[in-house]
Amino acid sequence: MSIPQEQFPNDPSAGSQSDIGRLVSNLAYDIDRGIAQEMAPHGLLPMEVHLLMICREMGECSATQLVQLLPVDAARVSRLVNTLVEKGLMRRRRLRNDRRVVMLRLSEAGEALTPEITQRLGELYARLTDGMSEQEVAAFSGAVLKIIANYEASAGR
């Protein structure tokens, strides 16, 4: 689904505001495909990988926190957590003072797997940014963060 570079040779409109949605969509699709290929031996989907990495960073979190950090709804987060618990990569813990609240954390198997995930994702991202200078990567990251901030401000978040 990627757009070949040759479709935009020296095109001054390439990367213009009118192309942002399509370009970002293609980029997200290609990154997800790359993650899926890297994680195929472990049977993990890209969104499961993202959830595992967030849980690794946070240590312990609630499903509500995950909903705020992932670009999916609460029902999808619940299904992702269920799948990862079934795969033995996550575990649940109910709070004693409020049994309605379920805290999530990586299991021992999840903890053992995340360093490999981190390494493989780092290698994937290095391949994807091959030929880009540190300044180009920083400018790209800054632009993406600005777009996200603009969206959140316009959506009243």
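The legends below describe close-up views of a predicted model.

**View 1. Packing of helix 1 against helix 5.** Helix 1, formed by residues 20–39, packs with helix 5, formed by residues 108–128, at an angle of about 140°. The axes of the two helices lie 10 Å apart. Helix 1 is therefore oblique to helix 5, and the crossing of the pair is right-handed. On the side of helix 1, the contact is made by I31, G34, I35, E38 and M39. Helix 5 contributes I117, R120, L121, L124, Y125, R127 and L128. Of the residues in this contact, eight are nonpolar, one is polar and three are charged.

**View 2. The salt bridge between R127 and E38.** The side chains of R127 and E38 form a salt bridge, with an N to O distance of 2.7 Å. R127 belongs to helix 5 and E38 to helix 1, so the pair ties together parts of the chain that are 89 residues apart in sequence. R127 is partly exposed, with a relative accessible area of 47%. E38, in turn, counts as buried because its relative accessibility is 13%, and the limit for buried is under 20%. Both residues also belong to a network of salt bridges that links E38, E116, R120 and R127.

**View 3. The salt bridge between K87 and E48.** Here the side chains of K87 and E48 meet in a salt bridge at 3.2 Å, N to O. K87 is placed in the loop between helix 4 (74–86) and strand 2 (90–94), whereas E48 is part of helix 2 (residues 46–58). The pair links distant parts of the chain, 39 residues apart. K87 is partly exposed, at a relative accessible area of 37%, while E48 is buried, at 3%.

**View 4. The salt bridge between R93 and E60.** A salt bridge joins the side chains of R93 and E60, with 2.8 Å from N to O. R93 lies in strand 2 and E60 in strand 1 (residues 60–62), so the pair connects parts that are 33 residues apart in sequence. R93 counts as partly exposed at 40% relative accessibility, and E60 counts as partly exposed at 23%.

**View 5. Salt bridges in the model as a whole.** Side chains of opposite charge can pair when their charged atoms come close. In this model the count comes to seven salt bridges. Among the residues involved, E38, E116, R120 and R127 are linked in a network.

Terms used:
Residues numbered from 1 in each chain as written. Predicted model: local features only at pLDDT ≥ 70, side-chain atom pairs only at ≥ 80, totals over all residues. Heavy atoms only, no water. Axes fitted to C-alpha atoms, helices over the stretch in contact; angles between N-to-C directions. Helix = DSSP H or I, 4+ residues; strand = E, 2+ residues; numbered from the N terminus. Parallel < 35°, antiparallel > 145°, perpendicular 65-115°, else oblique. Left-handed = near helix turned anticlockwise from the far one by under 90°. Contact = heavy atoms within 4.5 Å. Nonpolar A, V, L, I, M, F, W, Y, C, P; charged D, E, K, R; others polar. Salt bridge = Lys/Arg side-chain N within 4 Å of Asp/Glu carboxyl O. Buried < 20%, exposed > 50% of the residue type's maximum accessible area, 1.4 Å probe, protein only.
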